[in-house]
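Hi,

Here is the structure I promised to pass on.

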Amino acid sequence: MACYWGHVKVVKVLLADSRVDPNYYSGTTPLFAACEEVRLHIVKLLLAHKDIDPNLISYSETSTITASPLWLAIDDGQYRIVKALLSHPKTILDVLIQCPYSTPLEHGLTSMEDSTGGRDRKRIVAALVFFGANLDGALTDDYENDTTEA
């Protein structure tokens with residue numbers, strides 16, 4: 001709850017205690033909750049913890065999706081959180097999320113069609129590419145199946 005509500009001091013105290021698991025799961029992880037509520041400072045605190053796993057999948061009651069923190073941040077158009085997650089050495093770029101069924105880059109590309117956060121959505125896709133997202137599946141599938149005339 002401290003991550004969800006943005007209680008920085010409480011999160012710092014908890015993360016300093018070796019008995020506290022930063023990946024504790026009760027429907028959602030602390031990192032997922034911080035991403036969902038756009039708590040950048042909390043996200044950075046959690047990512048700095050040596051035991052954090054930035055790839056754990058959680059369920060969002062708000063948007064009714066099952067996703068990774070990275071996928072959720074892309075969905076919300078949160079460039080700074082996406083960049084923080086991508087900067088973490090354990091973040092897996094090309095994890096396929098089953099519900100909805102796409103990689104973070106594929107989702108970033110489809111999210112660009114969303115009218116909100118246009119500039120940040122372009123920056124998100126650029127960051128995903130910069131950090132090494134696999135371009136093969138994301139850019140070829142639709143093109144190969146496209147029957148639209150030029």
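Let me start with C35, which counts as buried at 0% relative accessibility; buried means under 20% relative accessible area, exposed over 50%, and partly exposed in between, using a 1.4 Å probe and protein chains only. Before the rest, some housekeeping: this is a predicted model, where local features need pLDDT of at least 70, side-chain atom pairs count only at pLDDT 80 or more, and totals for chains, interfaces and linings use all residues. Residues are numbered from 1 along each chain as its sequence is written, and side-chain values use heavy atoms, with hydrogens and water left out.

Back to the cysteines. Searching the whole structure for disulfides (a pair of cysteine sulfur atoms within 2.5 Å) turns up zero. For C3, which is in no disulfide, the nearest cysteine sulfur is that of C35, 9.9 Å away. C3 is buried too, with a relative accessible area of 10%.

C3 also shows up around L46. Leaving aside neighbours within four places in sequence, L46 is in contact (heavy atoms within 4.5 Å) with C3, L15, P30, L31, A34 and I52.

Which residues touch the most other members of the largest nonpolar core? They are L31, V43, L46, L70, L85 and L128, out of 35 residues in that core. By nonpolar core I mean a set of buried Ala, Val, Leu, Ile, Met, Phe, Trp, Tyr and Cys residues joined through side-chain atoms within 4.5 Å. Elements that each supply at least two of its residues include α1 (2-5), α4 (40-47), β2 (65-67) and α8 (118-130). Helices (H or I, at least four residues) and strands (E, at least two) are DSSP runs, numbered from the N terminus.

Helix α7 (residues 104-111) has P104, L105, H107, G108 and S111 buried. Those residues sit on the same side of α7 because they cover an arc of only 160° around the axis, the arc being that of the directions from the helix axis to the C-beta atoms.

Last, the aromatics: the whole structure has two pairs. Rings of Phe, Tyr and Trp (its six-membered ring) pair if their centres lie within 6.5 Å, with planes under 30 degrees apart counted as stacked, over 60 as edge-to-face and the rest as tilted. Y4 and W5 are edge-to-face, at 5.0 Å centre to centre and 80° between the planes. Y4 is partly exposed at 27% relative accessibility, and W5 is partly exposed at 48%. F130 and F131 have ring centres 5.4 Å apart and planes at 85°, so that pair is edge-to-face as well. F130 is exposed at 68%, while F131 is partly exposed at 31%.

Cheers
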